[in-house]
Amino acid sequence: MRSNMCRISILLLLACYGAMSAVVDVPKYKMLDGREMPAIGLGTYLGFDKGGAVTSKDKQLRNVVTEAIDVGYRHFDTAAIYNTESEVGEAIRMKIEEGVIKREDVFLTTKLWNTHHKREEVIIAMKETLNKTGLDYVDLFLMHWPIGVNADYTHSDTDFMETWHAMEDMVKLGFTKSIGLSNFNKMQIQRVLNEGTIKPVALQIEVHPQIIQEELIAFAKAEGIVVMGYSPFGSLVMRFGMEFPGPKMDDPVLTSLAQKYGKTPAQIVLRWLVDRNVVPIPKTVNPKRLRENINIFDFKLEEDEIEKINQFDSNTRYTLPSFWQTHPYYPFEQIPNPIPDPFRS
Ligand SMILES: NC(=O)c1ccc[n+]([C@@H]2O[C@H](COP(=O)([O-])OP(=O)(O)OC[C@H]3O[C@@H](n4cnc5c(N)ncnc54)[C@H](OP(=O)(O)O)[C@@H]3O)[C@@H](O)[C@H]2O)c1
Ligand SMILES: *[C@@H]1O[C@H](CO)[C@@H](O)[C@H](O)[C@H]1NC(C)=O
């Protein structure tokens with residue numbers, strides 16, 4: 001149908017081409033240090049299997065990231081433990097070389113892994129990250145967890161404030177523009193605010209309809225910290241190759257909103273995050289879903305519609321490393337883990 005219409009005239013052809021190749025203009029949040037973070041990021045964690053983090057084959061992820069840049073993504077979320085820093089970096093460098101973007105147009109978030117919490121190890125990890133990305137600096141360096149472990153994954157008692165001070169040095173050295181936290185609870189964030197020299201500008205936590213994080217988001221917002229929401233689709237998608245209880249793509253609350261706005265249930269959930277000032281970082285390696293997930297900045301949910309989605313809340317986490325529950329800095333409630341443990345050594 002569309003392709004037939006496109007043949008009618010040059011004008012229509014141009015319009016059709018425009019509609020198909022539209023670059024989405026993503027808004028940004030101002031952070032505490034004056035820098036800006038694009039309001040959506042592309043997740044690049046490809047999951048795990050028996051061999052650890054799943055790695056990209058035949059430059060699949062690199063190609064996804066270059067395509068993402070073409071459709072308007074300007075923010076990428078990676079981590080040392082994901083094994084994706086090099087392909088994300090490669091894609092960014094390719095697009096800079098092509099002249100499509102400048103380095104300052106993209107925002108790269110990465111994370112320090114738990115095995116490198118000691119002061120002298122932070123700089124080693126940082127340099128390894130820069131080496132892998134092939135870039136001079138990253139935009140945001142997050143402490144992935146408050147939990148430090150030794151090389152053999154036994155618990156380390158390294159204080160996360162020692163780690164934080166070392167991360168502050170990374171800003172001073174110019175290796176990262178900003179620093180922040182991931183998987184920290186309110187008391188732990190408060191400690192960093194009280195004892196740190198630089199305030200964390202961002203907090204990355206699990207946020208989806210089954211864990212709406214009302215209290216922690218309100219706390220972060222009051223402190224001026226930008227919240228990034230990981231695993232935004234919650235139970236809507238398969239996790240660890242399994243289905244979990246909770247709303248699915250055919251949920252009537254989501255499908256009725258999708259119909260009202262001419263969007264998909266996945267887009268409704270991403271917009272619900274945006275309307276709560278949370279930066280969603282959905283992961284996809286599928287070209288169609290890549291476009292779908294960023295196409296959420298031309299509508300807005302009403303207050304009562306946000307509230308309706310909030311009702312799914314059941315404080316359900318899919319990232320729940322139970323083997324760290326006995327660590328002195330374990331950030332979450334200590335409850336039995338019904339799902340597989342990622343990152344088990
Ligand atoms: N800080 C942390 O501790 C932490 C923990 C977990 C995750 N993260 C970050 O958050 C990112 C996202 O989280 P996540 O990967 O756990 O979960 P997610 O983004 O909620 O879900 C990803 C899954 O949804 C599918 N999907 C994507 N878009 C879709 C759409 N529009 N419709 C239907 N299915 C869709 C993807 O498959 P396809 O690829 O086939 O589309 C993939 O299976 C990660 O990649 C990582 O960067 C951080
Ligand atoms: C990364 O480190 C390796 C090994 O030390 C080196 O050969 C390579 O040139 C480095 N790459 C970059 C981009 O600095």
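Predicted model: local features only at pLDDT ≥ 70, side-chain atom pairs only at ≥ 80, totals over all residues.
Is T110 buried or exposed? The relative accessibility of T110 is 1%, and the cut-off for buried is under 20%, so T110 counts as buried. T110 also has a partner: its side chain and the side chain of E85 are joined by a polar contact of 2.7 Å.

Now over to another strand, β6, made of residues 75-77. D77 is in that one. With a relative accessible area of 2%, D77 is buried too.

D77 brings us to ligand 1. Which residues come nearest to ligand 1? There are 28 residues around the ligand, and the nearest are D77, S231, R239, T284 and R289. So what kind of residues make up that shell? You get 11 nonpolar, 11 polar and 6 charged. If you're wondering which element gives the most to the shell, look at helix α11, residues 287-294, which puts in 3 residues.

An N or O atom in the side chain of S182 is 3.0 Å from a nitrogen atom of ligand 1. E292 has a side-chain N or O atom as well, and that one is 3.3 Å from a nitrogen of the ligand. For T44 we're talking backbone: one of its backbone N or O atoms lies 3.3 Å from an oxygen atom of ligand 1. As for cover, ligand 1 on its own has 910 Å² of accessible area, and the protein covers 86% of it. And where is all this happening? The space that ligand 1 takes is the largest pocket.

Last stop, K300. Look in the loop between α11 and α12, where α12 is 303-310, and you'll find K300 there. The relative accessible area of K300 is 55%, and exposed means over 50%, so K300 counts as exposed. Compare the position of K57: K300 and K57 are 243 residues apart in sequence, with 37 Å between their C-alpha atoms.

Key. Residues numbered from 1 in each chain as written. Chains lettered and ligands numbered in written order. Heavy atoms only, no water. Near = heavy atom within 4 Å. Polar contact = N/O pair within 3.5 Å; in protein donor to acceptor, adjacent residues only side chain to side chain. Areas by Shrake-Rupley, 256 points an atom, 1.4 Å probe, with all protein chains shown as cover. 1 Å grid on protein atoms, 1.4 Å probe; cavity = no way out; pocket = protein on both sides within 12 Å on 5 of 7 lines; lining within 4 Å. Sits in = over half its atoms within 2 Å of the grid points. Helix = DSSP H or I, 4+ residues; strand = E, 2+ residues; numbered from the N terminus. Nonpolar A, V, L, I, M, F, W, Y, C, P; charged D, E, K, R; others polar. Buried < 20%, exposed > 50% of the residue type's maximum accessible area, 1.4 Å probe, protein only.
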